Amino acid sequence: MVKITIEEFAKNYIKENPGEKYKEIVELLKEARERKKSGAACPTCGKPMWMAGSAISGEDGCYFCLTGEKDSSEDYEIE
Ligand SMILES: [Zn+2]
């Protein structure tokens, strides 16, 4: 995973999704980070939660369960 800050991720996200609000995305990302800190893991397989994807999709999970992809090396994760 490529690590970036919450602010960078939110900026990139709203650039690609112009209907979304920066502040709301930052809030969602912070909440996802809090859930992971307090021990949340992927409910399907128990792997570490993908915070960025969980925040955006509104559903907690690991990268692999949320995307169905096998390679996470080029995707972003928040710090
Ligand atoms: Zn999983």
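Here are some numbered notes on how this predicted model is put together.

1. Some ground rules to begin with. Residues are numbered from 1 along each chain, following the sequence as written. Since this is a predicted model, local features need pLDDT of at least 70 and side-chain atom pairs count only at pLDDT 80 or more, while totals for chains, interfaces and linings use all residues.

2. Let us start with the helix pair. Helix α1 covers residues 6–16 and helix α2 covers residues 22–37; they pack with their axes 9 Å apart, at an angle of about 135 degrees. That angle makes α1 oblique to α2. Helices here are DSSP runs of H or I with at least four residues, strands are runs of E with at least two, and both are numbered from the N terminus. Axes are lines fitted to C-alpha atoms, for helices over the stretch in contact, with angles from 0 to 180 degrees between N-to-C directions. Under 35 degrees counts as roughly parallel, over 145 as roughly antiparallel, 65 to 115 as roughly perpendicular, and the rest as oblique.

3. Contact means C-beta atoms, placed from the backbone, within 7 Å.

4. Next, the core. The largest nonpolar core has 15 residues (a set of buried Ala, Val, Leu, Ile, Met, Phe, Trp, Tyr and Cys joined through C-beta atoms within 7 Å). Phe 9, Leu 29, Trp 50, Met 51, Ala 52, Ala 55 and Ile 78 have the most contacts inside this core. Two or more residues each come from α1, α2 and α3 (51–57), and α2 gives the largest share, four residues.

5. Ala 52 sits in helix α3 and counts as buried because 27 C-beta neighbours lie inside 10 Å. The cut-offs are 20 or more other C-beta atoms within 10 Å for buried, 12 or fewer for exposed, and partly exposed in between. Leaving aside neighbours within four places in sequence, Ala 52 contacts Phe 9, Leu 29, Tyr 76, Glu 77 and Ile 78. Its C-alpha atom is 8.5 Å from that of Ile 6, 46 residues apart along the chain.

6. Met 1 lies in the segment before β1 (2–4) and is partly exposed, with 14 C-beta neighbours inside 10 Å. The C-alpha atoms of Met 1 and Glu 77 are 6.0 Å from each other, although these residues are 76 apart along the chain. Not counting residues up to four places away, Met 1 touches Ser 72, Asp 75, Tyr 76 and Glu 77.

7. Leu 66 belongs to helix α4 (residues 63–67). With 19 C-beta neighbours inside 10 Å, Leu 66 counts as partly exposed.

8. Finally, a loop residue. Gly 46 is found between α2 and α3 and is exposed, with 8 other C-beta atoms within 10 Å.

Conventions. Contact = placed C-beta atoms within 7 Å.
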